Amino acid sequence: MGKIRVELPCKNCRDIFSIFVSEAAKREGKITCPACGHTHEYGLADINLLYLTEQVVAGSVRSA
Ligand SMILES: [Zn+2]
């Protein structure tokens, strides 16, 4: 099993960035947005939900 990435929306600048699930878990859901540098807390339940969604389109990064 490789590393799975999830996409998270920044709660400050609304940028969409991706992070490895293992990284998010290690940080206990506290993720720093690479665009604006703000740290927000994301529920691990949300990340797990995204993880399940992301499995369907594993590896692909959407550019909406
Ligand atoms: Zn941001």
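This short report walks through a predicted model, from its overall layout to one hairpin and a serine beside it in sequence.

## Overall layout

Let's begin with the whole chain. The protein contains two helices and four strands. Reading from the N terminus, these elements follow the order β-β-α-β-β-α.

Buried residues make up 11% of the 64 in the protein. As for contacts between residues at least 6 apart in sequence, 34% of them link residues that are at least 24 apart.

Strand β1 covers residues 5-9 and strand β2 covers residues 16-20. The two run antiparallel, with five bridges joining them. Within this pairing, Arg5 sits opposite Phe20 of β2.

The two strands make a hairpin, and six residues lie between them.

## Ser22 and helix α1

Helix α1 spans residues 21-26, and Ser22 is part of it. Is Ser22 buried or exposed? Ser22 has 11 other C-beta atoms within 10 Å. A residue counts as exposed with 12 or fewer such neighbours, so Ser22 is exposed.

Arg5, the residue opposite Phe20, is 17 residues away from Ser22 in sequence. In space, the C-alpha atoms of Ser22 and Arg5 are 8.6 Å apart.

Definitions and conventions: Residues numbered from 1 in each chain as written. Predicted model: local features only at pLDDT ≥ 70, side-chain atom pairs only at ≥ 80, totals over all residues. Pairing = 2+ DSSP bridges. Buried ≥ 20, exposed ≤ 12 C-beta atoms within 10 Å, placed from the backbone. Contact = placed C-beta atoms within 7 Å.
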